[in-house]
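Thank you for making time this morning.

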Amino acid sequence: MLGRRALLAAGAAAVAAPAVAQSIVSDVADVTQPVMLDDRIARGYRRDVLIRWGDRVAFDAPAWNPEVPTAQGGASQFAWDARVVALVQPPPAADGVPRLVLVATHARIDPVMAFPAERPMPELEQGMVGASLVNLEFLGGRWVVVDGGFQARRLTATTLCRIAGPAAGHARLRTDADPAGMAARGLLRAEGGCATPWGTVLLAEGDATAELAAWRGGIANEANRFGWVVELDPLNPTAVPAKRTALGRFPKDSVAVARTADGRPVVYLTEARADGFLYRFVAARAPDGTTAEANGALLDEGSLAVAQVEGATLRWRDLPATAESLIEARATAEAVGATPFDRPAGLAVHADGRLFLACRGNPQRGARTDALNPRPINSFGHVVELTPANLDHGAATAEGAVLILGGDPRQPGATARYGAGTQVWLAAPAVLELDRAGRLLIGTAQGGLQRSTGIADGIFLCGTRPGASRGVLNLLYAAPRAAAIGGIRLTPDGATLVAAVRTPGAEPGASFTRPATRWPSFQPGEPPRSTVIAIAREAGGPIGG
């Protein structure tokens, strides 16, 4: 049962009714996809605002005042950056109202965009990273954020986490504050994530070197306590997050969960580097039921492997099962012959066993190309399809193919490739989701460089099955100027898409006082705000029709 006020109508006591337009309807499936100050959505769809930077998460959060930022506000409000990673369905309540817990990560802070002083403010920044958990309810035909939800809370750079698995207690994880090496303070550079079948959420920590240097002065061994997968029970506010060392330490972008033919969990992980690797962890045993409590140590035992590409075949190379190799997973992966991908990012597991991988691109790959990374200069990225042998995610090999190659196919000498009839194009595919019909939802993130490509970041629908629709793109949503798509998740019924529109207005040369756009409010003097949106069909039914 959620601790909340009684809601008499949709939004009556919800945080989901900020004074911005519900939707801007237009046909964005055109060839030019121009960069604009506002966002746009395909005909027949509605875009609602769920929560924005500065909106309340914790019950004691103060009102947002961007001109006077405070440490209390930063640690209790929805943060400056955002990426949607999970929608978790709690047990049904007696009133029959559908409910979800939204989990969003907050990877970073750009002081020039976030603070009126346009300079670093370390005390405030430590509260503005981590993650937010927000309660949602379906009322009046749409999802709204609940004010005072039981699970609503913030995780920050000071949140206590326990260290679990084979590297827990290792000498390289010990500090003066924690001589046992069994605990860590903070969730830093939380990037992607996903829900698990046993009711938890996995959060991927990226490279926190800069934050540690600025906030903690480079304490010995401190860096070894970050860069892990953090497991969180989203329905239990008192649960302590666990850093799962069996999954290896390296700067991560995304994680996705599958299972072997005999039911053991498989966790796929991407490395957040221009020449990053693709990793796979296979648990030693199957889950015990579907509850977080019963599977508290499920990911502490298993084997970690890295992908090696041989022709169009991907082969998994096991890493040594030692604490040292897990702490130095990148170096260990290089030693066993791992193949670099072009900035590997989003992951999605199809119900039929296929795995999709988004690669944002690597303009400096050079001559070391392969069937799954075919371009020496890959400025626009691509999407890879991997089919495990016998459709078993525990198999030693998988067959790979390139689904699409990003870029503008109309340019002279272009190597872009899409399905026949595609009228749009994309750059930097970064986040993935699959709809109930097996189509791929692709969100792009060009890193504030839309002015150079001339196209806005957006959310695309892409066919994946053999036939005329395979690789064909349709543009569902175009983000405002300088905004990227930070995570895409569908509600359990497939009827609503929840996504983060992250860091609007934050392009090179922009600042708090001079942003590239003031979306979503367009109020004079109000900075642009990362915003979680919900997209649904006006006539109802699943996303994509």
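Let me begin with phenylalanine 250, which counts as buried at 3% relative accessibility, where buried means under 20% relative accessible area, exposed means over 50%, and partly exposed is in between, with a 1.4 Å probe and protein chains only. What you see is a predicted model, in which local features need pLDDT of at least 70 and side-chain atom pairs count only at pLDDT 80 or more, while totals for chains, interfaces and linings use all residues. Residues are numbered from 1 along each chain as its sequence is written, and side-chain values use heavy atoms, with hydrogens and water left out.

Now to the rings of Phe, Tyr and Trp (for Trp, its six-membered ring), which pair if their centres lie within 6.5 Å, the planes counting as stacked when under 30 degrees apart, as edge-to-face when over 60, and as tilted for the rest. By this rule there are six aromatic pairs. One of them is the stacked pair of phenylalanine 250 and tyrosine 279, at 4.0 Å centre to centre and with 15° between the planes. Phenylalanine 250 lies in the loop between strand E13 (242-244) and strand E14 (252-259), and tyrosine 279 in strand E16 (residues 278-283), so the pair ties together parts that are 29 residues apart in sequence; strands here are DSSP runs of E, at least two residues, and helices are runs of H or I, at least four, numbered from the N terminus. Tyrosine 279, at 0% relative accessibility, is buried.

An edge-to-face pair is formed by phenylalanine 380 and tryptophan 425, with 6.0 Å centre to centre and 85° between the planes. Of these two, phenylalanine 380 is partly exposed, with a relative accessible area of 29%, whereas tryptophan 425 is buried, at 6%.

Ring pairs also link Phe250, Phe277 and Tyr279 into a cluster. Lysine 252 lies over the face of phenylalanine 250, at 3.9 Å from the ring centre, the criterion being NZ of Lys or CZ of Arg within 6 Å of the ring centre and within 35 degrees of the ring normal.

Finally, which residues of helix H4 are buried? In H4 (residues 209-216) they are Glu211, Leu212, Trp215 and Arg216. They cover an arc of only 100° around the axis, which puts them on the same side of H4, the arc being that of the directions from the helix axis to the C-beta atoms. The face turned away from that buried side carries the exposed residues Thr209, Ala210, Ala213 and Ala214.
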